[in-house]
Amino acid sequence: MVDGVHDMGGMDGLGPLEVEENEPWFHAEWERRAFALTLAAGASGKWNLDKSRYERELMPGPDYLTTSYYEHWLYGLEQLLLEYGFVNEGELASGKTDPKQPKVVDARYLEGANVEKVLRKGGSVLREADLTPAFSEGEMVRVINRHPLSHTRAPRYTRGRQGMLDRVPGILVFPDSNAMGDGEQPHYCYSVRFSAAELWGQDADEKNFVYVDLWENYLENL
Amino acid sequence: MSGHDHDHDHSHLSDTELRVRTLESLLTEKGYVDPDALNALIDTYEFKVGPRNGAKVVARAWTEPDYKNWLLTDATAAIAEMDFEGRQGEHMAVVENTAEIHNVVVCTLCSCYPWPVLGLPPVWYKSSPYRSRVVIDPRGVLEEFGTELSDDVEVRVWDSTSEMRYLVLPERPAGTDNLNAAELQELVTRDSMIGVRKALSANTEA
């Protein structure tokens, strides 16, 4: 799924850019509810943010490209709730609770009174670990040309390309493992600066650059 | 959504509306989700958080050199000091636009965006056309926002692939030396902090 349509950086032909002036925060009541349900259910602690991104990426490509962003969220939320047993298919179809569906144990419950506190706390992905960075600022690195069938945050357009290591945000939770239930595996993440010519070919504007945050596991020495 | 305003009969709800209602009723009935939490979440992002927060950060950076230095070197702490922190802003970086460098932010893989300082992202930011094109043709995309850059300006596109969230510090408009921070805030738009437009010029202030 890694090479799904969500990984769209550099594509063309996906329609005109439509900018709505004075856009409202939500365009329909269901968007408000889908947004809030996603955050409230996520507060159960049963899955992490990387996992929820991965579920949205699993939406079939034709549907992904023809639905709105909150429809992606709704799709992902339904899949998560099914996978973790919060609901079953019959309940989704009928809208009625099934007494035979077992109760999810140890799901945290976000109370309305705690919303502000929980949002303010957020969820840091910075971790302490006794690691030495393999690369240093100013060094040239190459993104390994890898196409895993699972979640990754190395965009397709960077693979096999080389860039200059610009800065080191720190030791961060690794989304590729965290999304797949393989633990946080925190390690160094770097901001890498790519020239447009390296990414998009020799005719690209020589004054354009793209910066991408990439984990050490994605990178190799030249 | 449009076309249904005349009739709120459930039989006329779209499939999507029905799916959301079903989820909400199942989750609240089963006791997994607190209806008060849903309302508090919506209220927070509809009325409490938004680009006015980011505008305060930018205006302060424009008027206090020490704060600007702090913001550019440790954005998370500098922004938290303004009381903006938390979800989707846990790790912040601020990139400065100058006469020589123009920064613009995207998330090509999904819709990562600095919620505590900008609120929720606009539809175009999350849309396929923006996500696909701004990395390969940033100048063309900026032109569609009415932003013309001279050929000798370096364009830096920031693809938000980690939990690091990027905020653009727009250039302070010319002719604003006599404005205080509160007046300057009015010139700082959401789009100027994403980097698709510049800050408003002094004479366009409402």
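The model is predicted, so local features need pLDDT of at least 70 and side-chain atom pairs count only at pLDDT 80 or more, while totals for chains, interfaces and linings use all residues. Residues are numbered from 1 along each chain as its sequence is written, and chains are lettered from A and ligands numbered from 1 in the order in which they are written.

I start with chain A. It has 8 helices and 5 strands, where helices (H or I, at least four residues) and strands (E, at least two) are DSSP runs numbered from the N terminus. The order along the sequence is α-α-α-α-α-α-β-β-α-β-α-β-β. Its C-alpha atoms fill a box of roughly 60 × 45 × 35 Å along the principal axes. Of the 222 residues in chain A, 39% are buried, meaning that 20 or more other C-beta atoms, placed from the backbone, lie within 10 Å of the residue's own.

Next, the core. The largest nonpolar core holds 109 residues; such a core is a set of buried Ala, Val, Leu, Ile, Met, Phe, Trp, Tyr and Cys residues joined through C-beta atoms within 7 Å. Among the members that touch the most others are A:Leu37, A:Val210 and B:Val157. Leaving aside residues up to four places away in sequence, A:Val210 touches A:Phe194, A:Ala196 and A:Leu199, and from chain B it touches B:Val135, B:Val157 and B:Asp159. Contact here means C-beta atoms, placed from the backbone, within 7 Å.

Now the domains. Chain A divides into domain 1 (29-121) and domain 2 (140-221), with bounds from an automatic or database domain assignment. Over C-alpha atoms, the centres of the two are 29 Å apart. Their contact takes 6 residues from domain 1 and 4 residues from domain 2.

Last, helix H1 of chain B, residues 15-29. Its 15 residues should span 21 Å at 1.5 Å a residue, and the end C-alpha atoms are 21 Å apart, which agrees; the expected span is 1.5 Å times one less than the number of residues. Which residues of H1(B) are buried? They are B:Arg19, B:Val20, B:Leu23, B:Leu26 and B:Leu27. Because they cover an arc of only 135° around the axis, they sit on the same side of H1(B); the arc is that of the directions from the helix axis to the C-beta atoms. What covers them includes helix H1 (29-42), helix H4 (69-83) and helix H5 (89-94) of chain A. After H1(B) comes B:Gly31, with a positive phi near 80°.

Notes: A residue is buried if 20 or more other C-beta atoms lie within 10 Å of its own, exposed if 12 or fewer, and partly exposed in between; C-beta atoms are placed from the backbone. Two residues are in contact if their C-beta atoms, placed from the backbone, lie within 7 Å.
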